[in-house]
Amino acid sequence: MIDEVFDRLVDQAWPALERVGAGGWTLRASDGVTKRANSVLPLGEPEDLRAGVERAEKFYADRGLPCVFSVGGGATPGLDASLRARGYRVVDPTLIMTAPLVPGNEGPGERVELAEAPSQAWLDAWWSVDGRFGDDGLATAARILTGVPAVYASLGREAVGRGVIQGEWFGIYSMAVPPHARRKGHGLKMLRALLSHARAQGTQRAYLVVVESNTAARALYERQGFTVAGRYHYRVR
């Protein structure tokens, strides 16, 4: 199932610090830093759906975290309706977009630097855009980012991005342009540099995730040949 493929790719590229298997589901926790790394990945079918949800609720309550489910196309049938009935609300509907790696949607990325680890400047630039978890969360976020091999692209402190090679797929993450550097084409340079790197490594297709309401980012990706291939959202208690 292609939807489950994306569920697993995203999970692998953004690895939670704590992972506990529960009847086919994966309970993920990382000190509350990012919903992706602090949510249930509900693949498979537990013998008792209600008991599975209650086990997840206890897991997060024991850690002082809200119970969150990432509900994509590969989620357990009936789960979304069950969570709605329990009072869980929908948060951050998100698109999965893909593109073939063909000449024309990549380029050398003028002045873009690539590294195997994020520098402090890279982390600061990304955190200035995505840092919704306080200053203490940056160290945890860095552990998540570096949990798998990745390439870190940067244009000084004006734009950053992260790419993860996953077999035939290249996942693009952490695209961020601080407010002072926007509307200068830096996001496009970053994207093209990452796609160029992916092609050089022999990967065939790229994917990324973007919040559905982020119309500016979606327009950028669409101009580079990305189209919607799947969706997911979070259910938060």
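Is Glu57 buried or exposed? In this predicted model, Glu57 has a relative accessible area of 10% and is therefore classed as buried, the cut-off being under 20%. Its salt-bridge partner is Arg86, with the closest N and O atoms 3.0 Å apart. Arg86, in contrast, is partly exposed at 31% relative accessibility.

In total, 14 salt bridges were identified. One of them joins Arg28 to Asp11, with a closest N to O distance of 2.9 Å. Arg28 is located in strand β2 (residues 25-29) and Asp11 in helix α1 (residues 2-13), so this pair ties together parts that are 17 residues apart in sequence. Both ends are buried, Arg28 at 2% relative accessibility and Asp11 at 6%. A further salt bridge connects Asp92 with Lys35 at 2.7 Å. Because Asp92 lies in strand β5 and Lys35 in the loop between β2 and β3, parts 57 residues apart in sequence are tied together. Asp92 is partly exposed at 26%, as is Lys35 at 25%.

Strand β5 (residues 89-100) also pairs with β11 in the antiparallel sense, over eight bridges. Strand β11 (residues 227-236) is likewise joined to β4 (residues 68-72), antiparallel, by five bridges.

Mean pLDDT for the chain is 92, and 95% of the residues score at least 70. Confidence is highest in strand β3 (residues 40-41), at 98, and lowest in helix α4 (residues 120-130), at a mean of 89.

Technical notes: Residues are numbered from 1 along each chain as its sequence is written. This is a predicted model: local features need pLDDT of at least 70, side-chain atom pairs count only at pLDDT 80 or more; totals for chains, interfaces and linings use all residues. Side-chain values use heavy atoms; hydrogens and water are left out. Two strands pair if DSSP finds at least two bridges between them. Helices (H or I, at least four residues) and strands (E, at least two) are DSSP runs, numbered from the N terminus. pLDDT is the predictor's confidence in each residue, from 0 to 100. A salt bridge is a side-chain nitrogen of Lys or Arg within 4 Å of a carboxyl oxygen of Asp or Glu. Buried means under 20% relative accessible area, exposed over 50%, partly exposed in between (1.4 Å probe, protein chains only).
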